Amino acid sequence: IYFCPIFLAKSNHKYDTIDYLEIDPQFGTKEKFKEMVDLLHAHGIRIMLDAVFNHAGFHHKAFADIREHGSHSTYKEWFHLRDFPLVTEPLPNYDTFAFVPEMPKFNTENDEVKSYLLHVARYWVEEFGIDGWRLDVANEVDHAFWRDFRQVVKEVNPDTYILGEIWHDSQEWLLGDQFDAVMNYPFTNAALNFFALDKTKATSYANDMSHVLFSNTMNVNEVTFNLIGSHDTPRALTRAGNNKQKLRLLLLSMLTFSGSPVIYYGDEIGLDGDQDPGCRKCMPWDPEAQDQELFAYTRHLLQLRKQHKTLANQGHISFVHANDETNTIIMRRMSPDGLYYIYFNNSDVAVSLTAPQAGRGLDLLTNTHQQTLDVSLPAYTGTIVQVL
C-alpha cells in the first residue's frame, strides 16, 4: 500500500510538509500508525510512504524562521533564496515547487539539510518498519543526495523499496546507486494512448511497449511501478470516456506485463474523476455504489498473475501480432514454466484472432478448454490463453 503524504501539513494534499517527524492528526497517531504497519505485515502486506524532500511547506519551522528573521535566520542556507525580505507576489523571490509560494524548495546540497532529511528517511524505516519510500519530484533533487539517501535507507533494511517519481526516461537514476524503480509513466502513456484515448494504433502500441521494456535492465523492469492512473492524473475510467470495457483492457494490459502493477484505489470498482481534485475523490465504501463485476474481474486478473508466474516477471514478452486495421494485439509470454497468449481487441466490432502456432489451450478468464489457440472476441475485450 502506497500512501500519499501523511506528515503534518496545512493543505488537504499534504505535500507542504510542516513536520516530517509527526503524523498529521487528521489521519491519526504514531501509535495507531505502528499498529497498522504491524497488522499489514502480519498479513503479508508492505507499506510505502511519500517522501517530499524536494520542498517543504510554508509553515515548516526552518522557513518560518526565515520569514521572521530574514537574512539573520540560521536557516537561510536551507533554501534557494534570491533576496530579502521574502515576497510571494506576483512571483516568489525564492525557488519553489511549480512556482507555488507555499512550497519552498530545499537546498539539498546543504549539509544541514541533508542530515535533517536523511534522519527522516532513516527514522520511519527504523522506528516504524515501513517497507518503501516514494520520492516526490525526484528529478528535481540532486543525484548526490539520492546516493546518500539510498545508502542510509538500505543500511536499515536492504529490502526497502526506493521509488522515484520521474515522468520521463530515467536511466541515470536506475544504475544501482540511487533508485530501485520509477513510476512508469511511459508505460502509462502507451497504454492510455492506445486503449483509452484512441491516439495510437496497434503497431504503435507494440512499439511503445517494446521501447518501455528495452529502456531499462531486466532487474529494473521487474520492479518498475506500472500504473494506469494516479493522484496526479485523471482517472483511467474518465480517460477512457467512461467505457468500462476499455478500462478492463487497460487492467488486462497492466496485469499481464512485467513489473509491479499498481491499482489506484477505486479503479477496481469503477471510480471516475477528472484532473485534481476530481481524481482524488473519496473511496465509496458502500458495495451498492461499486461495480462488483469489475471488482471481480480485477481480482481474477490478480489471482492469475500470482498463480501463473510467467504472466508476472518470469516470462519473456514479445508482440506476435499487431494489426492497425483491426486494432488488435496478441502478446506472447513465455518461460520454462509455460507459454501464454494475451489477446486484445481494441475495436468496436467482434474479431477472430489466430495465434502463430497450433495447439490446445485453456482460456484462463473463462476457464474453458479449447482445441485451438484461436479466439473470437467481442468489441473491446481481451483474454488470456495458456498453451497446454
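Is Lys 14 buried or exposed, and what is its relative accessible area? Lys 14 is buried, at 2%. The views below come from a predicted model.

**View 1. Salt bridge between Lys 14 and Asp 24.** The closest N and O atoms of this pair are 2.9 Å apart. Lys 14 sits in the loop between strand S1 (7-9) and strand S2 (17-23), and Asp 24 in the loop between S2 and helix H1 (30-42), so the contact ties together parts that are 10 residues apart in sequence. Asp 24 has a relative accessibility of 3% and counts as buried, and Lys 14 is likewise buried.

**View 2. Salt bridge between Lys 32 and Glu 35 in helix H1.** The N to O distance is 3.2 Å. The two residues are 3 apart in H1, a separation of about one helical turn. Lys 32 is partly exposed, with 48% relative accessible area; Glu 35 is also partly exposed, with 46%.

**View 3. Salt bridge between Arg 122 and Glu 126 in helix H3.** Here the side chains meet at 3.6 Å, N to O. Glu 126 is partly exposed at 46% relative accessible area, and Arg 122 is partly exposed at 25%.

**View 4. A salt-bridge network.** In total, the model has 21 salt bridges.

Note on methods: Residues are numbered from 1 along each chain as its sequence is written. This is a predicted model: local features need pLDDT of at least 70, side-chain atom pairs count only at pLDDT 80 or more; totals for chains, interfaces and linings use all residues. Side-chain values use heavy atoms; hydrogens and water are left out. A salt bridge is a side-chain nitrogen of Lys or Arg within 4 Å of a carboxyl oxygen of Asp or Glu. Helices (H or I, at least four residues) and strands (E, at least two) are DSSP runs, numbered from the N terminus. Buried means under 20% relative accessible area, exposed over 50%, partly exposed in between (1.4 Å probe, protein chains only).
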